[in-house]
Amino acid sequence: MTRRRFLQASAGAAVTAGLASPSSSAAQSPIVVPFVDEGNFPLGRTVGAGLGRRRALDLSGLSPDSLLVPQDRFFIRTGCPDPLPSPAGWKIHVHGLVETPREIPIEELRREAADEGARLLECAGNSRFLHFGLMSVARWGGVRLERVLERVRLRPRATRVLVSGFDEHRVQDAGSVPGASWVFGLDDVRDAGAFLATEMNGAPLAPDHGYPVRLVVPGWYACTAIKWVNEIVLVDDEAQATAHMREYAGRTHQDPDGPRDRQLMEGGLRPEGPLLAKDFKPATIDPAALPVRVEELRGADGKIRYRIVGILWGGRSPVRSLHIRIRPGVGEATVDEIASRSSGPWTLWSHAFEAPRPGRYRIELAVGDAGVRTRRLDQGFYEREIEIAGD
Ligand SMILES: Nc1nc2c(c(=O)[nH]1)N[C@H]1C(S)=C(S)[C@@H](COP(=O)(O)O)O[C@H]1N2
Ligand SMILES: [Mo]
């Protein structure tokens, strides 16, 4: 069935479960139905070191009261480099197409840091194998990059800005290329409201989250959220895409047929994505939805039902309608309830269903709003399967 037919077929009304209302088995904690075929990557534990360090957030515990993630639970992708220079006396070097290069001391940023609100980071390499736990929300404090750039006079040719972070690690990782930097269009910096963050949830950043300063680009994948920022370079439209951008080209949905670097290809390297930074599209996160917990509920009549709790995030404007399909044999519906959208960058939703028999069920979601691009949902990226046990 095509996505369009799925959306048409699921326009029917549904039963309201009530996200905030206690489940019918409120006395005991509900039985949780496990997601299956996701491997056994540990949740909520920091594993590995250097470029290979990871911590995946256990999303199943999210509730209306816990939508801000404490720093010591916030996901980690790449640990604090062990040869990191002392953060006391940290400076950001601003140079390139500017009249006079400048060094911005960290104290200057700290003094000017203002509330930047609750913002979500999601690793572009988030995956089922990590139980989709490379995603978290915190309340940030920092200084807009646009404001920082006002401290230097740009040369007329400057159209883009490269933000680079310290990224030398003693421990390497098979799946990662060292060096973290991204080139942004000056318009994108302004539109997204990119900021240099010095605070998370009212405290200085933890070392693994980029202390003393990192970039946050609201609405963009976190591969652009460069940690341990030490360099800002004004560049023009000839600037090449960085190795870090190429590493994330596929995962940020860059055009695989974009212009390539012939020299590098002939040299045996197979770079992904366009050669020039200007040919990279903004690495924005499309609206997406994910089930995070499935509970078994026994009604007063003894009948068993299941309630799926999920999250909804991404996109620039709030999603109004979410459709769910549960296979086999349950069918399609509009999601029962989406919590208030004012709650921040991710929103909880819930949906109740009856399962015809024990066994495996696949849960798929789609955004019903017309004209909304949902590349990952369309690919089935966030589909999950549960296993309902027999008696
Ligand atoms: N210097 C540096 N910055 C970096 C990275 C890195 O490897 N080195 N990884 C990026 C990626 S891929 C992600 S997903 C986020 C993760 O941020 P977190 O560990 O604070 O959650 O940092 C980004 N910033
Ligand atoms: Mo990432």
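Tutor: A polar side-chain atom of R214 is placed 2.7 Å from an oxygen atom of ligand 1. The model is a predicted one, in which local features require pLDDT of at least 70 and side-chain atom pairs count only at pLDDT 80 or more, while totals for chains, interfaces and linings use all residues. Residues are numbered from 1 along each chain as its sequence is written, chains are lettered from A and ligands numbered from 1 in the order in which they are written, and side-chain values use heavy atoms, with hydrogens and water left out.

For D167, a polar side-chain atom lies 2.7 Å from a nitrogen atom of ligand 1. A polar contact is here a pair of N or O atoms within 3.5 Å. Taken alone, ligand 1 exposes 530 Å², of which the protein buries 99% (Shrake-Rupley areas, 1.4 Å probe).

The shell of ligand 1 numbers 20 residues, the closest being F75, D167, H209, R214 and K227; a residue belongs to such a shell if one of its heavy atoms lies within 4 Å. By class, this shell holds 13 nonpolar, 2 polar and 5 charged residues, where Ala, Val, Leu, Ile, Met, Phe, Trp, Tyr, Cys and Pro count as nonpolar, Asp, Glu, Lys and Arg as charged, and the others, Gly among them, as polar. The space that ligand 1 takes is the largest cavity, a cavity being a set of points on a 1 Å grid over the protein atoms alone where a 1.4 Å probe fits but cannot get out.

Next, the backbone. P212 belongs to the loop between β12 (203-204) and β13 (214-216), strands being DSSP E runs of at least two residues and helices H or I runs of at least four. The peptide bond from Y211 to P212 is cis, with omega near 15°. The bond from R327 to P328 is likewise cis, with omega near 0°, and P328 is in the loop between β17 (322-327) and β18 (331-334). Most peptide bonds are trans, and most residues other than glycine have a negative phi.

D37, not a glycine, has a positive phi of about 65°; D37 is exposed, at 58% relative accessible area (exposed means over 50%, buried under 20%). H253, also not a glycine, has a positive phi of about 60°, yet H253 is buried at 14%.

Terms used. Polar contact = N/O pair within 3.5 Å; in protein donor to acceptor, adjacent residues only side chain to side chain. 1 Å grid on protein atoms, 1.4 Å probe; cavity = no way out; pocket = protein on both sides within 12 Å on 5 of 7 lines; lining within 4 Å. Sits in = over half its atoms within 2 Å of the grid points. Buried < 20%, exposed > 50% of the residue type's maximum accessible area, 1.4 Å probe, protein only.
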